[in-house]
Amino acid sequence: MRLRIAASLLALPLAATACGSGGSGEKAAELRVWSMWSEGEPNQKVLAEAFKDFEKATGVKVRVQWKGRTAMKSFLPSLNTANVPADLIEGNNRELTRQFAAAKGALDLSDVYAATVQGEQATVGQTVGDAYKRMATSSQGVLAQLPYQVSTYGWFYNGKDFPTTPKTWEEFVKVLDERKAQGRRPLGQDGSIPNYNMRYLEHFGRAIMGDEGWHALAPDKSGQGWLKPEVLKAAQMVEALAKGGYFPDGFNAAKFPAMQQKWANGESDFLYQGTYLPKEVAPYAKPGLEFRAFRFPSVEGKAPTMNVTTTGFGIPVKAANPDAAKKFLTFFLQKKYQDNVAGVALEMSVRKDVPAAPQVADLKAALDSGEINRSDVLDMSDFNTKVLLPLSDQLLFGKIGAADFTKQMAEQSAAYWKSKG
Amino acid sequence: MTAVLERPPVKAAPRSRRGGSPFEAARRRMIGPFLLPALLVYALVMIVPSVITVWISFNEWAGVGAMEWAGLANYREMVADPVFGTSFANTMKILVLVGAAVFVIAFTLTMLLQDMVGRKFVRAVIFFPSLVPGLVIAILWGFLLDPDGLANSVLKSLGIAEPPLWLAPENMFTTVMAGMTWLAAGTYTVIFMAAADRIPRYFYEAAELDGAGPLTRFWHITLPLMWDVIGVCAVLWAIGALKTFEFVLVFAGATGSLPPTGLWTFSVYAYAGAFPSDGVPRYGIASAAAVLTMLLTVVLTILVRRVMGRREQATY
């Protein structure tokens with residue numbers, strides 16, 4: 001009697017899992033999608049329309065879950081099980097190459113890149129271009145993502161206030177000083193986000209020492225690289241920004257997005273932000289604000305290369321319906337939908353023949369010329385969080401000077417790498 | 001009449017040794033089946049995951065794919081990591097400083113409110129912060145404590161020319177601690193007041209006749225008679241403080257980014273390992289931090305019980 005009760009109780013959870021996992025393999029004409037957009041976002045609308053058209057054109061039933069930005073985070077654990085809950089998973093290039101492909105969960109998309117875009121002559125690979133294809137490839141060589149949208153950073157400003165834009169950093173500083181003389185605090189900056197505070201140093205560094213030089217710093221186990229004169233130069237430029245009185249009072253004591261709101265309100269002139277900025281601040285921007293952006297000006301005659309993130313889809317190795325998933329990828333890359341990426345979602349498409357929204361047209365031109373860096377290759381997120389970001393915060397907030405910064409970077413980098421054994 | 005009681009303990013028959021009548025025996029047989037469901041659930045959702053966490057802490061694991069045995073490497077790395085030192089110091093500050101502030105406030109309010117008219121209403125007001133989720137408070141405080149926020153507007157109108165920058169990096173952790181104090185003080189005050197309410201009035205009346213002031217009455221009557229409750233509260237606080245997480249994360253982090261390392265606690269450290277803002281998850285070190293938190297909780301609980309138990313509980 002007692003045994004029987006115990007046995008039936010033990011069987012309960014097993015029965016429950018059996019019910020939950022079965023059933024997905026049978027329905028071939030179904031495409032399950034986990035999207036990184038949330039219901040109501042412009043990007044969601046673009047995708048939803050494409051899914052509807054895809055259903056009509058192919059008869060495949062599309063079941064989308066609008067998961068929001070944590071789609072990949074929630075998806076990864078399912079790779080440990082026999083069945084995955086989606087045939088298409090959306091995310092940025094780093095998530096798909098470093099996490100999804102690194103976990104051996106990603107199907108190689110070489111055949112998708114070789115296929116032609118639905119109803120067009122060019123192949124997917126030609127349409128996407130080599131730079132983004134490289135970014136979609138994991139360090140193990142798996143082509144894990146099909147990107148459709150790119151974002152980068154730019155100096156945003158009100159097109160009505162500045163008819164011309166500075167090309168060199170010196171020109172830019174001159175503009176800043178003029179605005180300051182008029183009693184303005186010209187630079188918006190959300191100091192509560194360490195990643196945003198580090199961008200100045202990074203771009204100065206990339207311009208002065210080149211991408212190779214910049215990328216060599218963080219992995220340097222001795223930490224001595226941070227003592228190079230080029231790093232000091234970059235840090236001194238940040239120090240000059242910090243001490244120049246360009247940022248609004250209390251910019252480091254307000255919660256994001258307070259400072260970006262102030263910028264949109266016309267309280268400061270320039271803001272270095274992602275190309276998604278116009279969409280983010282649109283609800284509270286001052287009426288008539290004409291969003292325009294220019295690329296980071298050149299330093300000592302060299303413009304820093306651009307940091308780029310791509311958004312796109314991957315297909316799990318264990319997908320129940322990979323064929324429908326692949327078909328959708330060639331379908332969504334059609335000009336019609338990519339025009340919507342620019343026109344409806346106000347983002348930049350991977351396609352060179354899709355003009356960007358005027359807000360970011362300058363940046364798109366720079367991207368199409370291909371000066372894209374490889375910031376996505378090295379995974380230095382732990383190092384950045386623990387060593388670089390805290391010190392770069394102090395540098396930008398004027399708590400430490402440039403020389404102190406480089407010295408502490410050298411010491412703390414060495415300590416960091418020592419702790420890794 | 002008292003045959004059962006007078007019967008000397010029988011040692012011979014095994015059946016009797018297991019205890020009494022056939023009814024008792026039947027009842028005992030049923031304990032197992034009745035206990036089993038709860039035990040199973042507990043094992044499934046508590047014990048098994050805890051054991052797995054300990055196991056993962058000895059491995060390198062990205063959350064998916066194969067685990068790689070790492071021995072004590074995660075623990076070694078954690079101890080050598082200066083950020084872990086900061087997280088440890090912050091957790092201890094919350095445990096000790098915020099804990100002390102919460103208990104002092106709760107004692108003071110208990111003492112003040114004990115004889116107050118309308119204390120039920122006051123108690124409700126004091127308890128209110130505990131009803132609002134910490135997350136909501138953390139978000140609202142961001143606006144309230146902005147350099148141009150309500151708090152500083154009020155201070156400026158009171159004639160303070162340069163009100164503090166509450167959310168500046170150097171003040172942030174103090175602000176976090178103040179927020180946690182405010183959130184927790186109400187809860188403990190209400191628990192203390194409930195404990196104080198159980199104490200019969202005549203003790204106080206007698207003490208008053210003997211000429212005892214409010215402090216003396218608190219020291220000699222209230223405190224000893226609610227000692228057991230204080231002990232439980234101290235344990236609860238220790239456990240809660242070691243697990244401090246969401247308040248810091250929401251108060252200082254933004255969408256998709258972690259708070260600055262100067263504000264990290266044990267739990268934030270573990271979270272940052274498992275969910276880095278932009279990199280490969282490291283469940284090994286996250287689990288190691290969790291295991292350490294668990295161990296510290298056990299040690300602290302035992303310690304607090306010891307310290308609190310040393311004082312004889314008064315029964316009068």
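I'm looking at a predicted model, where local features need pLDDT of at least 70 and side-chain atom pairs count only at pLDDT 80 or more, while totals for chains, interfaces and linings use all residues. Residues are numbered from 1 along each chain as its sequence is written, and chains are lettered from A and ligands numbered from 1 in the order in which they are written.

**Chain B**

I checked UniProt, where an unreviewed entry puts "transmembrane region" at residues 34–58, 94–113, 125–144, 172–196 and 283–304 of chain B. Those positions are in the numbering used here, the feature names are shortened, and annotations may be inferred rather than shown by experiment. I looked at two of the stretches. Residues 125–144 of chain B are 90% helix and 0% strand, with end C-alpha atoms 20 Å apart. Residues 172–196 of chain B are 100% helix and 0% strand, and there the end C-alpha atoms are 36 Å apart.

**Chain A**

I count 17 helices and nine strands in chain A. Its radius of gyration (over C-alpha atoms) is 24 Å, close to the 22 Å from the globule rule for 421 residues, so chain A is as compact as a globular protein of that length. That rule is 2.2 Å times the number of residues to the power 0.38. I also see that 49% of the 421 residues of chain A count as buried, meaning 20 or more other C-beta atoms within 10 Å of a residue's own, with C-beta atoms placed from the backbone.

Seven residues of domain 1 of chain A contact nine of domain 2 of chain A, a contact being two C-beta atoms, placed from the backbone, within 7 Å.

**The core**

Which residues have the most contacts inside the largest nonpolar core? Among them I find A:Leu88, A:Ala144, A:Phe328 and B:Ala289, in a core of 178 residues. Such a core is a set of buried Ala, Val, Leu, Ile, Met, Phe, Trp, Tyr and Cys residues joined through C-beta atoms within 7 Å. Domain 1 and domain 2 of chain A both give residues to this core, so it lies between them.

Notes
Helices (H or I, at least four residues) and strands (E, at least two) are DSSP runs, numbered from the N terminus. A residue is buried if 20 or more other C-beta atoms lie within 10 Å of its own, exposed if 12 or fewer, and partly exposed in between; C-beta atoms are placed from the backbone. Domain bounds come from an automatic or database domain assignment.
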